[in-house]
Amino acid sequence: MTSPLLKSRVELAPPRGRYDRTLDEAARDHAQTARVIQATAEQLAARGPAELTVEHVIIHAGISRATFYQHFSDLDAAVASVVDALEEKVVGGCASALRQEPAPRGQLQAMATAFLVEVENHPHLTLAGALVLDPQRAESALRRLLRPLLQRWLDDARRAGLAAPTATPLVGGWLAALFEVTALDLVLRGGALGELAERLARGASGLVR
């Protein structure tokens, strides 16, 4: 059974001639672009990168092929925009929590909570980001985006005595993997967000000691 979080969130394009005429052209273009990105994320989450086609995206979004190519040069460009949206909306929440919390001990819990809140808000982006592999490394786009952020926290935690001095960049990769696994657990199986965030923070703390 599909997780309730993965219910489609694509707002289908209105029929020809039925768009909101109170919107200017820039606003309509923005809405169309957002629709294509969301449809691409949902189809990536459902099919995986190897099976995804432009046809899948345009049918899901309720747009024409011409409309797709008005906004994206090809499917790879649409997938790249999904990864950009993942960085802004999901990983960005984690980064904001890191900036706002002054002490490394509190930062870890704040990051775990903020991250999972955004995962719950953007489940298709999260799952798509876990399926899209970085061509330069054997890791997902989600893990690649999380790794430098968690490495930054790890460096601060080591200076504050909360992480072992021997905690290497490899540990930053393990932290990113733990965050990713917890996110997928939430997306695919659901659960109490607060409990998952607490478990994630405990697990991450244990990894660095």
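Modeller: We shall go from the whole chain to a pocket and then to single residues.

This is a predicted model, in which local features need pLDDT of at least 70 and side-chain atom pairs count only at pLDDT 80 or more, while totals for chains, interfaces and linings use all residues. Residues are numbered from 1 along each chain as its sequence is written, and side-chain values use heavy atoms, with hydrogens and water left out.

Colleague: How many helices and strands does the protein chain have?

Modeller: Helices (H or I, at least four residues) and strands (E, at least two) are DSSP runs, numbered from the N terminus. Here the protein chain has nine helices and zero strands, giving the pattern α-α-α-α-α-α-α-α-α along the sequence. Along the principal axes, its C-alpha atoms fill a box of roughly 60 × 35 × 35 Å.

Colleague: What should helix α8 span, and how far apart are its end C-alpha atoms?

Modeller: The expected span of a helix is 1.5 Å times one less than its number of residues. Helix α8 (residues 169-189) has 21 residues and should therefore span 30 Å; its end C-alpha atoms are 30 Å apart, which agrees. Just after α8, Gly190 takes a positive phi of about 75°.

Colleague: What part of the protein chain is buried?

Modeller: A residue is buried under 20% relative accessible area, exposed over 50%, and partly exposed in between (1.4 Å probe, protein chains only). Of the 209 residues in the protein chain, 46% are buried. Accessible areas come from the Shrake-Rupley method with a 1.4 Å probe, and for residues only the protein chains shown count as cover. The accessible surface of the protein chain is about 11,000 Å², with 53% belonging to carbon and sulfur atoms.

Colleague: Is Gly172 buried or exposed?

Modeller: Gly172 lies in helix α8, and it counts as buried because its relative accessibility is 0%. Contact means heavy atoms within 4.5 Å. Leaving aside neighbours within four places in sequence, Gly172 is in contact with Arg147, Gln151 and Leu154. Gly172 and Val208 are 36 residues apart in sequence, and their C-alpha atoms are 8.8 Å apart in space. For the protein chain, 68% of the contacts between residues at least 6 apart in sequence join residues at least 24 apart.

Colleague: Which class of accessibility do Ala80, Asp156 and Gln70 fall into?

Modeller: Ala80, in helix α4, counts as partly exposed because its relative accessibility is 39%. Its C-alpha atom is separated by 9.5 Å from that of Val132, 52 residues apart along the chain. Asp156 lies in helix α7 (residues 141-159) and, at 27% relative accessibility, counts as partly exposed. Asp156 and Pro104 are 52 residues apart in sequence and 6.5 Å apart from C-alpha to C-alpha. Gln70, found in helix α3 (residues 65-71), counts as exposed at 57% relative accessibility.

Colleague: What is the volume of the second largest pocket, and which residues lie nearest its centre?

Modeller: Rolling a probe the size of a water molecule over the atoms shows where empty space is left. On a 1 Å grid over the protein atoms alone, a cavity is a set of points where a 1.4 Å probe fits but cannot get out, and a pocket is an open set with protein on both sides within 12 Å along at least five of seven lines; lining residues have an atom within 4 Å of a point. Grid points are joined across faces, edges and corners, and a volume is the space filled by probe spheres set on the points. The second largest pocket has a volume of about 390 Å³. Its lining has 20 residues, of which Ala34, Ile37, Gln38, Ala85 and Lys89 lie nearest the centre.

Colleague: Which helix gives the largest share of that lining?

Modeller: Helix α1 does, with seven residues. At least two lining residues come from each of α1 (25-47), α4 (75-100) and α6 (123-131).
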